[in-house]
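Student: I have a model open beside its sequence, and I would like to learn how to read its features one at a time. Could we go through it together?

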Amino acid sequence: MSILSDVFKSTKAVILGMKRTLSEIPREKWTVQYPDVPVTVQPRYRGQHLLHVDENGKEKCVACYLCAAACPSECIYIEAQDDPRPYEERVGRDERYAKVYNIDYGRCIFCGFCVEACPKDAITHGYNFEISVYNRADLLKTKDDLLITKQKQSKNYRVALSTEDVDSEYKEVDSVGIKFRL
Ligand code: SF4
Ligand code: SF4
């Protein structure tokens, strides 16, 4: 009896599964043949961070540590450096900048708290999601990996068009793609 019951249950499960599979066949397909076809990300997508610079290429970060303090994963490491030289000769926009700025993506949970905490709009989330590595140590990204002027953007994504004024303080999405306000 129990064997018959098992057979009945298993057959019913297979039939229900096949019914679900067959019902999906005529529907629109959402599978993307990545990386042959770019993935579409939404405007508010939180990818790898970007450290921003001003219109003259000076780093906006003043090494105030607020982002590191706000980070629940404690994955931001900063070393501050005073730079009292004139603006034209400085690394950053202000008289202090982050000599070291590291984010450990082995710990980051992409919560965005660091972005919200920053008083200088110096850090935002970009769209780059291709940060897989074979060595865990390589998940530690340095300032050179994060600076908007140095970070390599993948060709394997496009940003969805949006009529919403989403994150417009630092991102503008148009028909061409994305522009970052410096
Ligand atoms: S996104 Fe969240 S976890 Fe990642 S660095 Fe920023 S505050 Fe930390
Ligand atoms: S990124 Fe923003 S919050 Fe973080 S240290 Fe720099 S200025 Fe401060």
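Student: Which residue of strand 6 is the bridge partner of Ile-103?

Tutor: Strands of a sheet pair through backbone hydrogen bonds, either parallel or antiparallel. In this predicted model, Ile-103 has Lys-141 in strand 6 as its bridge partner. Strands here are DSSP runs of E with at least two residues, helices are runs of H or I with at least four residues, and both are numbered from the N terminus. Two bridges join strand 4 (residues 96-104) to strand 6, and these strands run antiparallel; two strands are said to pair if DSSP finds at least two bridges between them.

Student: What should I know about the numbering and the confidence of the model before I go on?

Tutor: Residues are numbered from 1 along each chain as its sequence is written, while chains are lettered from A and ligands numbered from 1 in the order in which they are written. Because this is a predicted model, local features need pLDDT of at least 70 and side-chain atom pairs count only at pLDDT 80 or more, whereas totals for chains, interfaces and linings use all residues.

Student: In what order do the strands of the open sheet lie?

Tutor: Three strands form this open sheet in the order 3-4-6, with antiparallel pairing. Strand 3 (76-82) and strand 6 (140-141) stand at the edges with a single partner strand each, so one side of each is left without a neighbour in the sheet. Strand 3 and strand 4 pair over seven bridges, and Tyr-77 stands opposite Asn-102 in strand 4.

Student: How many helices and strands does the protein have?

Tutor: The protein has four helices and nine strands, and along the sequence they follow the pattern α-β-β-α-β-β-α-β-β-α-β-β-β.

Student: Does helix 1 lie in the open or is it buried?

Tutor: A residue is buried if 20 or more other C-beta atoms lie within 10 Å of its own, exposed if 12 or fewer, and partly exposed in between, with the C-beta atoms placed from the backbone. Of the 23 residues of helix 1, the number buried is zero, so this helix lies largely in the open. Helix 1 (residues 2-24) reaches 33 Å from its first C-alpha to its last, close to the 33 Å expected at 1.5 Å a residue, where the expected span is 1.5 Å times one less than the number of residues. Across the 182 residues of the protein, 19% count as buried.

Student: Which residues have the most contacts inside the largest nonpolar core?

Tutor: A nonpolar core is a set of buried Ala, Val, Leu, Ile, Met, Phe, Trp, Tyr and Cys residues joined through C-beta atoms within 7 Å. The largest one here has 20 residues, and those with the most contacts inside it are Leu-51, Cys-61, Cys-67, Cys-114 and Ile-123. Strand 2 (49-51) and strand 4 each supply at least two residues of this core, and the largest share, four residues, comes from strand 4.

Student: Which residues lie around the two ligands?

Tutor: A residue is near a molecule if its C-beta atom, placed from the backbone, lies within 6 Å of it. Of the 14 residues around ligand 1, Cys-71, Cys-108, Cys-111, Phe-113 and Cys-114 come nearest; of the 14 around ligand 2, Cys-61, Cys-64, Leu-66, Cys-67 and Cys-118 do. By class, the shell of ligand 1 has 12 nonpolar, two polar and no charged residues, and the shell of ligand 2 has 13 nonpolar, no polar and one charged. Here Ala, Val, Leu, Ile, Met, Phe, Trp, Tyr, Cys and Pro count as nonpolar, Asp, Glu, Lys and Arg as charged, and the others, Gly among them, as polar.

Student: Where is Ala-63 placed, and is it buried or exposed?

Tutor: Ala-63 is in the loop between strand 2 and helix 2 (66-70), and it counts as buried because it has 22 C-beta neighbours inside 10 Å. Ala-63 also has a positive phi of about 55 degrees although it is not a glycine.

Student: Which peptide bond is cis?

Tutor: The bond from Tyr-34 to Pro-35 is cis, with omega near 5 degrees, and Pro-35 is found in the loop between helix 1 and strand 1 (39-41).
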